[in-house]
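Hi,

Here is the structure I said I would pass on. Have a look first, and my notes follow below.

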Amino acid sequence: MNRTRGETTPFKTIICLLWAYVAGCMLLIGQQSHTISGTITDKSNGETLFGASVFLTGTTVGGVTNEYGFYSITAPAGEYILNISYMGYTDVNMKINLNQDLKRDVEIAEFSTELDEVVVTADEPERAILRKPEMSVVKMNVGTIKQTPVVLGEVDVLKSLQLLPGVTNNGEGTGGFHVRGGAQDQNLVLLDEAIIYNTSHMFGFFSVFNADAIKDVKLYKGGIPARFGGRVSSVLDIRQKDGNRKNYALTGGIGIISSRLTAEGPVFGDKGSFLIAGRRSYVDLILAAANEDNRVSFYDLNLKTNYSINRNNKLFLSGYFGRDAFDFSGIFQNSYGNGSGNLRWNHIFNDRLFSNLSAIFSRYDYDLNFDQDDFEWVSSITNYNLKYDVKYYLNDKFSLDFGVNGIYYDFDPGQVQPTSESSPVNPLQLDQKRALEGGVYLNAEHKLTDRLTAQYGLRYSAFSRLGGQPITEYANGQPVVYNAALGIYERGEAIGETDFARSASIQTYGNFEPRISLAYLLNEDSSVKAGFSRAAQYIHLLSNTESVTPLDVWTPSGPFIEPQVSNQYALGYFRNFLNKEYSLEVETYYKTVDNRIDYIDGSELIGQNTIETEILNGEMRAYGLEVLLRKNEGDLTGWIAYTLSKSEQRTPGGAAGGPGINNGDWYNTNFDRTHDVSISGSYRLNDQWSFGSNLIFQTGRPVTFPNGQYLYEDLSIASYSPRNSDRLPAYHRIDASITFIPKKYRDKRFKGEWVLSVYNLYNRRNAAAISFGQNIEAGANEATRTAIFGIVPSLTYNFKF
């Protein structure tokens with residue numbers, strides 16, 4: 001896209017408006033008001049606390065700490081009681097005289113003596129949740145995650161999130177997760193701000209997140225803040241621990257398939273800390289001892305350190321490296337993994353202005369090595385991200401977030417290399433693709449009245465598919481055409497290529513993404529909230545299997561692949577009752593997604609250099625009702641979650657002609673679940689014994705079954721029902737766990753616990769797939785049901801020193 005000299009770009013316009021808006025809002029600050037600011041940290045280890053509530057008692061003035069534990073509140077001059085609270089910690093009340101600007105860094109102490117305090121869901125105190133114009137958000141405590149019974153004893157962040165409304169997976173042994181009827185690639189997963197492209201180990205049995213290294217887990221199902229972009233369904237924001245600034249400590253666990261160890265402590269005197277966390281499976285060692293030819297293994301390594309230059313400047317360096325490796329009887333090997341790094345600079349300009357500058361690297365790659373044919377297949381996606389975020393606390397009624405970011409992508413969809421001179425395979429390099437994505441945003445949180453608070457913002461995103469590769473041209477500009485005689489879609493006729501220089505732009509897109517949320521406080525115990533958000537997604541995961549695999553590849557938007565654009569509307573009711581011991585959240589939502597990729601029948605994605613010949617652009621819609629009833633206090637805590645939902649897709653033929661996929665009618669997506677019920681509970685009997693249990697029920701996954709057969713030249717040919725019009729049987733199971741803490745550990749620095757867990761307590765053989773074939777001996781058709789897990793007991797020993 002060419003621009004004339006002096007033409008104003010959307011980026012320039014947005015930035016100018018942003019600064020004008022900030023300057024105007026600064027005039028709102030009263031001259032007789034003062035500000036108190038500081039950082040809230042854990043007294044035992046110096047970890048900053050995200051989401052801690054900071055309020056002036058007897059007023060509506062207050063807020064919550066940001067991702068780095070920083071808070072800033074402004075109020076008229078006077079004497080106040082500053083109240084600081086955080087779930088699982090003892091409240092702090094301190095008298096302040098706000099006759100000038102104050103700085104108060106406060107340490108608060110846990111009131112639990114266990115390895116990890118067990119609480120449920122949102123850690124923010126109830127009044128902050130009710131007032132805050134933030135909905136469709138889940139914030140889980142690591143203690144809750146560790147208390148959840150899981151398969152083979154592996155604590156799993158993603159499996160815990162799937163116990164909450166609106167979040168599910170695509171069945172046992174599948175990777176990733178789905179949010180409100182969205183696909184897996186529509187979730188933006190961040191670990192210390194770095195994008196994680198594949199969240200699974202061992203093809204989906206476990207997640208890549210080591211709970212011992214995790215501090216905060218926050219999932220935005222809707223109402224996504226304007227600072228996030230690039231995905232249309234959800235944002236999972238996971239933050240690693242900074243490391244213990246007070247003492248050296250070891251935390252770990254020994255399980256039946258893997259072990260983990262975390263070391264942390266102070267560095268640079270009292271100016272910094274470090275964290276090193278490792279996890280490795282030993283299934284490969286067990287198989288080797290049993291003289292098995294197959295090998296399966298995975299590992300994780302989490303690293304983080306920080307250094308306080310002075311009170312107003314702090315540096316962070318973090319990284320993650322994880323990999324899976326498989327060797328199938330020496331026939332072929334497969335390995336895949338993520339790598340990421342982030343260098344961050346926190347700067348506090350003054351008591352109202354906080355900034356963060358991040359330089360981030362992310363990479364995902366996989367490798368297939370075929371020994372019999374002496375060749376390997378390698379594919380990867382790499383990105384470099386530079387982002388700058390600023391938060392301005394103007395006064396007790398108004399705060400601003402604004403920032404800018406740019407991401408450079410390098411896509412390598414695949415290359416084949418012979419591994420010996422005798423290999424029958426020739427070298428092959430699919431076209432490498434490059435792209436640049438940018439965004440600028442402005443977001444305000446505005447307390448309009450004592451009861452009504454709004455959060456509104458605007459994000460402008462731009463995407464450019466960069467040159468350096470040829471683009472195939474097709475007859476009539478159609479990479480896919482409909483063959484009316486055969487009733488199928490086929491590849492279009494290639495008539496030539498257009499070469500683009502590396503400095504050229506093949507295609508450019510831009511989207512305005514407004515976001516708004518409202519919270520109205522009905523009384524001290526209840527509120528209603530509403531929200532709307534629009535988001536654009538410029539990269540897509542190519543997968544025509546029922547669930548994604550590590551071998552699926554990412555591709556950018558371009559001449560034949562449009563960006564996905566979503567619009568989501570949500571309405572919710574929130575209430576605390578029985579003295580806040582219980583809470584209720586009810587939300588309903590409606591979401592649409594334009595330009596969702598769909599695959600023609602018989603599409604071939606692996607090794608495909610012209611992916612546009614295998615796809616059509618369609619649309620998605622999802623809507624539902626979510627109910628979450630929680631018990632927050634007492635020896636028995638937990639929740640009941642229920643989701644009633646529908647997720648559908650439609651793909652008309654469009655310019656390609658023909659009726660479209662499934663005759664252009666709406667059909668169920670692979671991840672549609674009509675009913676989804678989860679009941680999760682934890683009971684603490686005494687200081688030594690505690691128990692946990694889950695009950696899960698889900699409507700079966702949509703599938704396409706044959707509905708008849710016919711003979712053609714003595715061959716039996718199956719005919720099929722409309723796409724995804726059938727379902728697997730309903731999925732259900734019960735899990736249970738028992739945790740025992742020996743008395744000898746209770747009052748010592750070394751603490752240990754034994755965890756016995758049983759996954760699928762009543763040995764339900766849930767169907768992962770149903771295949772159809774002919775019994776040769778009987779000559780009759782038959783269906784074969786495949787299950788992944790029956791009952792799975794496990795024993796884990798956890799320790800902390």
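Let me start with a pair of strands. Strand E12 (residues 187-191) is joined to E13 by 2 bridges, and the two run antiparallel. Across that pairing, Leu190 sits opposite Ile195 of E13. Helices (H or I, at least four residues) and strands (E, at least two) are DSSP runs, numbered from the N terminus, and two strands pair if DSSP finds at least two bridges between them.

Before going further, some housekeeping. This is a predicted model, in which local features need pLDDT of at least 70 and side-chain atom pairs count only at pLDDT 80 or more, while totals for chains, interfaces and linings use all residues. Residues are numbered from 1 along each chain as its sequence is written, and side-chain values use heavy atoms, with hydrogens and water left out.

Back to the sheets. E12 and E13 belong to an open sheet of 5 strands, ordered E9-E16-E17-E12-E13, with mixed pairing. Its edges are strand E9 (137-140) and strand E13 (194-195), each of which pairs on one side only.

There is also an open sheet of 4 strands in the order E3-E2-E5-E6, and its pairing is antiparallel. Here the edge strands are E3 (62-64) and E6 (92-98), each pairing on one side only. Inside it, 4 bridges link strand E2 (residues 53-56) to strand E5 (residues 78-85), and Ser53 faces Ser85 in E5.

Most residues other than glycine have a negative phi. Leu578, though, has a positive phi near 50°, and Asn579 has one of about 60°.

Last, confidence. Mean pLDDT (the predictor's confidence in each residue, from 0 to 100) is 88 for the protein chain, with 93% of its residues at 70 or more. Helix H1 (residues 10-26) is lowest, with a mean of 54, and E13 is highest, at 97. Residues 1-7 stay under 50, with 3 contacts (heavy atoms within 4.5 Å) beyond four places in sequence. Residues 113-125 are also below 50, and that stretch has 58 contacts beyond near neighbours in sequence. Where pLDDT is low, the predicted coordinates should not be read in detail.

Cheers
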